[in-house]
Structure formats: structure tokens, C-alpha cells
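Here is a friendly walk through one protein model, for you to follow with the viewer open.

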Amino acid sequence: MKSRATIETTSVLIPTNGRPESLKSCLEAIWNNIHPNIGVIVLDSTISSARSEVIEAYELIYSSMPNVRVIRPGRVIPPGHARKILAEECQSEFFLFMDDDHEIQPGAFSCLARASEEFDIVSGRWIEDGGERPLCFHYHFSASQISKVV
């Protein structure tokens with residue numbers, strides 16, 4: 001069976017707030033380990049009263065990475081609510097939630113895409129400091145389905 005999730009049918013959704021260095025590393029890992037044309041939506045709830053160097057760092061990232069669609073609500077949004085907003089804004093059939101301080105590893109997207117042949121929700125592992133723990137990627141809900149679930 002052919003994988004349902006492809007670069008063309010998947011977006012990566014990332015909430016962020018005040019951590020531009022982490023976001024830059026996360027985005028670079030996405031483009032290096034998945035594909036430079038994959039859709040990425042970032043919900044940046046860094047408020048305008050944040051330190052100017054933080055805002056400038058974000059602006060530099062966004063201007064150098066035009067594939068990124070940025071949502072700026074103008075207020076701090078808690079991570080769970082940010083994910084709901086991102087899912088509602090996403091037009092892709094599949095999406096992958098990532099935190100701004102995560103970096104996807106080589107081959108991870110291929111494994112998740114292969115798993116989409118059989119499953120609607122796919123989980124991966126979070127590897128940090130030599131340890132592992134489960135990490136859930138809510139991978140096959142459309143935005144309308146998420147609105148009904150949340």
C-alpha cells in the first residue's frame with residue numbers, strides 16, 4: 001500500500017514563544033531531514049513588548065525561510081490552545097506537531113509516512129540525553145475534525 005502522507009500532503013505545525021534560537025534549529029532540522037518544500041506553520045505568540053533582540057531574531061528567521069507561514073496572535077497563547085489554532089489553520093491532509101525545541105531526526109518523517117498506510121494517528125519517540133520516551137504526533141485529523149474533538 002502507498003503511504004498516504006507525503007511532502008505534498010503534510011504540514012509541520014510549531015507553536016513558539018520567545019525562543020528564536022530553538023525555532024531556528026527546529027526549522028533547519030525539518031528542511032535538512034524532511035524536505036525544503038514541506039509546509040510549515042508557526043504560531044508565534046511572542047508579544048510585541050518582548051525584548052527587541054528576541055523579536056529581531058524571529059524576524060531574521062522568518063525573512064530567511066520563506067516557506068514558513070507565521071501566525072501572530074499578538075498575545076501569549078498556551079501551547080495546547082496554540083496547537084488547536086494551528087490545526088484549524090492547516091489545510092493539509094496530514095500534520096505533524098513539533099515543539100520549537102525539537103529537531104526531527106533523519107528518516108523520522110519516512111517512518112511516520114509509512115505508518116500512515118495503516119494508522120490514522122502515529123506516535124514517535126523523543127530522544128533526549130540518551131533516554132527515550134513516547135512522543136505522539138497527531139497525524140491524520142483534518143482541521144474540521146480537530147475542531148470537533150477539542
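At what angle do helix 1 and helix 2 pack, and how far apart are their axes? The angle is about 15° and the axes lie 9 Å apart, with axes taken as lines fitted to C-alpha atoms over the stretch in contact and angles running from 0 to 180 degrees between N-to-C directions. Helix 1 is therefore roughly parallel to helix 2, a label for angles under 35 degrees. The crossing of the two helices is left-handed, that is, the near helix is turned anticlockwise from the far one by less than a right angle.

A word on the source: this is a predicted model, in which local features need pLDDT of at least 70, side-chain atom pairs count only at pLDDT 80 or more, and totals for chains, interfaces and linings use all residues. Residues are numbered from 1 along each chain as its sequence is written, and side-chain values use heavy atoms, leaving out hydrogens and water.

**The helix pair**

On the helix 1 side, P20, L23, K24 and L27 meet V54, A57, Y58, I61 and Y62 of helix 2 (contact means heavy atoms within 4.5 Å). Helix 2 also holds E53, which counts as partly exposed because its relative accessibility is 44% (buried is under 20%, exposed over 50%, partly exposed in between, with a 1.4 Å probe and protein chains only). E53 and P20 are 33 residues apart along the chain, and their C-alpha atoms are separated by 9.7 Å.

**The overall fold**

Five helices and six strands make up the protein; these are DSSP runs, helices being H or I of at least four residues and strands E of at least two, numbered from the N terminus. Their order from the N terminus is β-α-β-α-β-α-β-α-β-β-α. Of the 150 residues, 40% count as buried.

**The cores**

The largest nonpolar core has 23 residues, and V12, I14, L27, I30 and V40 have the most contacts inside it. Such a core is a set of buried Ala, Val, Leu, Ile, Met, Phe, Trp, Tyr and Cys residues joined through side-chain atoms within 4.5 Å.

Helix 1 gives the largest share, five residues. A second, separate core has twelve residues, including I41, I71, L86 and F97.

Terms used. Parallel < 35°, antiparallel > 145°, perpendicular 65-115°, else oblique.
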